[in-house]
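Here are my notes on the model you sent over. Have it open while you read.

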Amino acid sequence: VGASLVVQRAGGVKPLIEQPQTLEVRIVCALPVEPFVQEAARRFNAENHKLEGHLIKITVEPMDGLTAMGRWEREEMNPVPTVWIPDSRYLVELVNATYKEKRGRDVFLTGGEYRARPVAISLFSWGIYSSREQVLRAKYGEIDWRVIHDAATAKGGWPELGGQADWGFFKLVVPNPRKNVGGLAAMIAAAGEYYSQTDIDVADVTEPEFQKWLKELMGAVTDFSSLGAYSVENLALFGYSMGDGGQLLESDLLVNMAGIQTRWQDPLVIVYPKYLTWFDFPFTIWMGDETTALEKNAALEFERYLLQPEMQKLAVQRGLRPANPEVSVTESDSLFVKWKDQGAMTVVPRTTMMRSPNREVLLALLRWFDLNVAER
């Protein structure tokens, strides 16, 4: 045995278990923050970060939060990613609850070093073409879901509302709920304003009068099949033919604002709703045995990198609000400052926040959408 150890130490015999030369950290990432995380990963990889002598390599795969949630719960994540960055923390909580029933323990943590932590923040806001917004304000005052419903159901179209005849009828932009978690967030926000409450349950969703109201509202969406995962990009590309406005993610609106002004004479206006829906994009490390302790710690290294001021400033440049309080949204190259005349706010005065839906509410809304809207 002694001779064997001498030979092994001398390099004559390789150890039975070899440590990997590269630590692969695979991240499944929500669509709105994927460009930011992807760019940060590119820079991180170029800097050759190491952990215990092993090179860390980050790969990022874009995936909508609801799609990822379904794959987690059906155990279709193959291989299992080291990290999940969904749109919102409640998706993590729902998946964790499912796995806790299966495995008897948490797979995503809410406390300690490996807890889920936001890497950026964004919120839902109205994005409406300026000419349309002026007409709606002149007729109704505040812009909210009830006003949008009235505009959507005006039988005389825009002329009835005070707009031009060649505008046709009001066209709403809502992301497809089956392809973008923002579509579900929009329906939950609409329900909140319909009931004047921040917490929605299944009884609210299945109430016949609300369903009738919601169906009339969603009837103003021109074509859900064309509104895939990138609704704001479509709005920027196709203008009024795609829609007059809708409730969309603030960061997506800010990133596409310049393209809209380049292509269309009518600029977009951002309006913040009464009840705010926040997306916190939590960096969530998988705690199952499918990944090693070294891979989990390598993920922590990249999380710290994302939260550094330099990377958080990069997030601000992409229309995201920083998770690091040391970084301000008023930086010189901030999109919030650049588009303040279009309604972008560095500080949003409204603090009433929609509460996150539970699994039953999500499933009820998706089922309603499939039966009443998706096939039309």
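1. A word on the ground rules. This is a predicted model, in which local features need pLDDT of at least 70 and side-chain atom pairs count only at pLDDT 80 or more, while totals for chains, interfaces and linings use all residues. Residues are numbered from 1 along each chain as its sequence is written, and side-chain values use heavy atoms, with hydrogens and water left out.

2. The largest nonpolar core has 101 residues. (Such a core is a set of buried Ala, Val, Leu, Ile, Met, Phe, Trp, Tyr and Cys residues joined through side-chain atoms within 4.5 Å; buried means under 20% relative accessible area with a 1.4 Å probe, protein chains only.) Helix 8 (residues 181-195) gives the most to this core, 10 residues; helices here are DSSP runs of H or I, at least four residues, and strands are E runs of at least two, numbered from the N terminus.

3. Phe 302 is among the residues with the most contacts inside that core. Leaving out residues up to four places away in sequence, Phe 302 touches (heavy atoms within 4.5 Å) Ile 27, Val 37, Ala 40, Ala 41, Phe 44, Ile 58 and Phe 283.

4. Look at Thr 277, in the loop between strand 8 (268-271) and strand 9 (278-279). Thr 277 is buried, at 13% relative accessible area. Its contacts include Ser 122, Phe 124 and Met 354.

5. Strand 1 (residues 22-29) runs parallel to strand 3 (residues 54-62), joined by eight bridges; pairing takes at least two DSSP bridges. Val 28 has Glu 61 as its bridge partner.

Terms used. Buried < 20%, exposed > 50% of the residue type's maximum accessible area, 1.4 Å probe, protein only.
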